[in-house]
Structure formats: structure tokens, C-alpha cells
Amino acid sequence: MKGKESVCPMGGSSSRLFGTLAQPDPDPGENPDQERVESDPDQLLRECEEALQRRPARPHRDLVRPSGMVPCHHKLDPPIRIMQWNILAQALGEGKDGFIRCPLDALNWQERKYLILEEILTYRPDILCLQEVDHYYDTFQPIMASLGYQGSFMAKPWSPCLDVEQNNGPDGCALFYRRSRFSLQATAHLRLSAMMLPTNQVAIVQTLRCQGTGRRLCVAVTHLKARSGWERLRSAQGADLLQSLCSITSQSGGGEYEAAAGTVPLVVCGDFNAEPSEDVYRRFSSSALGLNSAYKLLSLDGQTEPAYTSWKIRPSGESCSTLDYIWYTRDALSVQCLLDIPTEEQIGPDRLPSYHYPSDHLSLLCDVSFREEPHRLM
């Protein structure tokens with residue numbers, strides 16, 4: 001693992017703000033009551049833009065309202081903005097993944113981290129779910145904490161990052177929520193099993209309570225096994241996660257705003273490494289939890305996933321795939337809008353990652369609202 005000298009200010013000596021924030025967290029236990037440095041997100045965004053002046057702009061993306069959706073605005077219960085993103089582990093991008101059309105300089109962490117943060121700051125989610133995070137303690141945890149978020153991290157037990165010389169530790173999943181919006185009710189760190197055997201894939205599940213309304217929301221982030229040939233393992237991992245989510249969301253203790261059964265509305269974000277044709281996708285779409293995939297709502301019929309969420313060129317060839325999803329409880333939550341998918345022209349002929357986009361996966365983002373429950377309409 002790298003020593004302390006690898007932890008750099010986000011923009012070098014000229015970046016005073018990031019230099020203060022991006023130091024290792026002395027307490028990885030993440031005490032929510034500890035004193036924090038507070039950052040101005042607008043100032044931080046300007047710093048990102050300044051650091052990225054020599055790079056082309058990220059693709060412009062619009063927030064799109066699903067067809068037939070009637071805007072729903074409640075002063076005490078505004079929509080909840082959720083972002084899902086596999087940000088590409090730094091060690092894998094530089095040392096293992098073989099993006100043959102991406103210049104190594106485009107993957108330089110001293111600029112790429114600004115590009116990642118610029119995307120997050122542009123959309124300012126209330127809940128942020130990330131995969132392939134290998135700079136949690138030295139970068140994302142302190143910076144997101146300064147922006148008002150509480151974070152949780154779970155590393156893969158056998159992270160492939162550790163095989164890369166001068167790595168920054170294992171990669172894993174991270175979940176952040178805005179402290180002004182939610183309080184934490186419960187957390188589960190899961191090591192996913194397949195056929196009763198533990199695997200290298202993990203999930204974080206948190207039950208949150210909305211500060212304004214008292215309603216609860218369960219959020220999960222995961223990253224399933226990669227590569228073709230592992231479809232049955234992914235399916236088994238998905239089945240294991242669904243079983244855990246059924247147990248967690250059905251626990252009693254609901255408030256006055258929840259159904260008598262006590263089932264907590266659920267959002268599951270992840271890089272499933274699976275196209276919609278795979279069994280693990282069918283498991284989620286037909287689960288007793290009543291889940292729907294948010295990004296289907298971008299299509300004209302509301303039933304078709306985007307053509308891609310990841311587009312890369314490796315020595316083995318070009319890969320254009322739909323692998324990333326935001327699932328939500330369709331009877332309890334409604335999707336108000338989604339961030340559209342960049343066009344092939346916007347992505348460019350060298351695909352992803354690139355000088356203008358920091359990962360081989362696109363970020364997904366949607367605003368969700370609680371549906372009015374029958375007993376509240378009477």
C-alpha cells in the first residue's frame with residue numbers, strides 16, 4: 001500500500017481547500033458527531049473546473065421527465081436525488097484494465113479525481129452509491145463529510161487492486177447520504193454468498209429516516225462479479241442479496257407514514273455486470289419486493305433499458321453494455337426525472353474512460369418521491 005506521501009492535495013499546492021480536506025481520516029469508524037471541516041460546494045465546483053481547464057468538458061446531460069409523469073412537489077417532502085456510479089478504481093484503471101484507446105495521462109489521479117468530484121457536485125445527490133472506490137479514506141470520505149454527507153465503506157475481501165504495484169488499498173462499495181436530509185436507523189455490511197459459499201462481492205444496506213417526514217427508506221449498493229462465464233454466480237449473488245433485502249425491509253418498527261405491514265421502500269443501486277438478458281436481472285425484476293428499474297422509464301415504452309451504461313475498448317475488443325441499474329419499489333416510490341445517457345458522438349470514438357470522462361461506466365441519476373399511501377388520501 002502507498003505511504004502517506006501518496007495522499008496529495010486535490011490540485012497540488014495551489015489547492016488550499018482540497019489540501020485541507022483530502023487527508024486520511026484518523027478515525028475510520030466515521031463518528032457522525034466528530035467535528036468537521038465545512039466546504040462550500042459552489043467553491044469546490046469552481047476549483048474542479050479550474051483544475052480541469054486543459055481538459056475538454058464532460059458530456060452535457062439533461063434531466064428528463066418520464067413520459068406521462070406529473071410533477072410532484074411537496075415542501076416538506078421534496079424528491080430524493082439518487083446517484084449510482086462505478087467510478088473506476090484508480091489502481092485498476094492504471095494497472096489492470098487495459099483501456100487501449102485511453103491515454104495513461106487521462107487516468108492521472110491528480111486530475112481524474114477532480115473529474116469524478118465535478119460530476120458529483122454538478123448534480124448534488126442526496127444519496128450517492130459508488131463502486132470501485134479505492135480512495136475512500138484519503139479522498140472521498142473527508143471531502144463528502146465536509147459537504148454534509150455521512151459515508152460508509154466496505155472493501156472487497158480480495159480486491160484485485162492489491163495485485164497492482166503502488167496501489168492505494170482495496171476497492172469496494174461506498175454509500176453516502178446527506179445528513180441534513182436523513183438520519184441513520186441501521187446499517188448492514190454484507191459479503192454476498194453463492195450456493196452458501198462466501199464470494200468476493202459485497203453490499204452495503206442502510207435504513208434511513210427522512211428528517212422532514214419521518215418516512216423510512218432502505219438503500220443498498222452492490223457490485224456483482226464481473227466478466228462473461230460467471231452468469232450463474234451473479235444470479236446466486238443476486239438471490240442472496242434479495243433474501244437479505246426482504247428480511248431488512250420487512251422488519252417492524254415503521255412509523256405512522258408506513259404501511260401496516262411495516263415494509264420499508266427500497267432503492268438498490270449497483271454495477272450488476274449483467275445485461276438485462278441475464279438471470280440476475282430477471283430475479284430482480286420479478287422479485288417479491290416489487291422492484292422496477294428506473295432507467296427503463298427513459299424509453300418510449302417505459303420497458304426498455306438504455307442501449308449502454310458502459311462503453312470501453314480493451315485488447316479483447318470493444319464492449320458496449322448495459323450493466324448498471326437503479327432499482328426502486330414501484331408501489332411505494334415514483335421516479336420524477338432521470339439523467340439522460342450521452343450519445344455515441346458525445347462519448348467519442350475512443351470510448352470510455354477518456355480525457356472528458358473519468359470512468360468506463362456512466363453515472364446514473366434519478367429523483368424519486370414517496371407515493372401517497374391510501375390511508376393518507378382518505
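**Entry 1: overall fold.** I began with the contacts (heavy atoms within 4.5 Å): of those in the protein with a separation of 6 or more, 77% join residues 24 or more positions apart. The model is predicted, so local features need pLDDT of at least 70 and side-chain atom pairs count only at pLDDT 80 or more, while totals for chains, interfaces and linings use all residues. Residues are numbered from 1 along each chain as its sequence is written, and side-chain values use heavy atoms, with hydrogens and water left out.

I then looked up the secondary structure, which comes to 9 helices and 16 strands; these are DSSP runs numbered from the N terminus, helices being H or I of at least four residues and strands E of at least two. Of the 378 residues, 58% count as buried (under 20% relative accessible area, with a 1.4 Å probe and protein chains only).

**Entry 2: K156.** I located K156 in the loop between β5 (149–155) and β6 (172–178). K156 counts as buried because its relative accessibility is 12%. Beyond its neighbours within four places in sequence, I found K156 in contact with P170, D171, G172, N200, V202 and H223.

**Entry 3: accessible surface.** I noted an accessible surface of about 16,400 Å² for the protein, 51% of which belongs to carbon and sulfur atoms. Such areas come from the Shrake-Rupley method with a 1.4 Å probe; for residues, only the protein chains shown count as cover.

Technical notes
Buried < 20%, exposed > 50% of the residue type's maximum accessible area, 1.4 Å probe, protein only.
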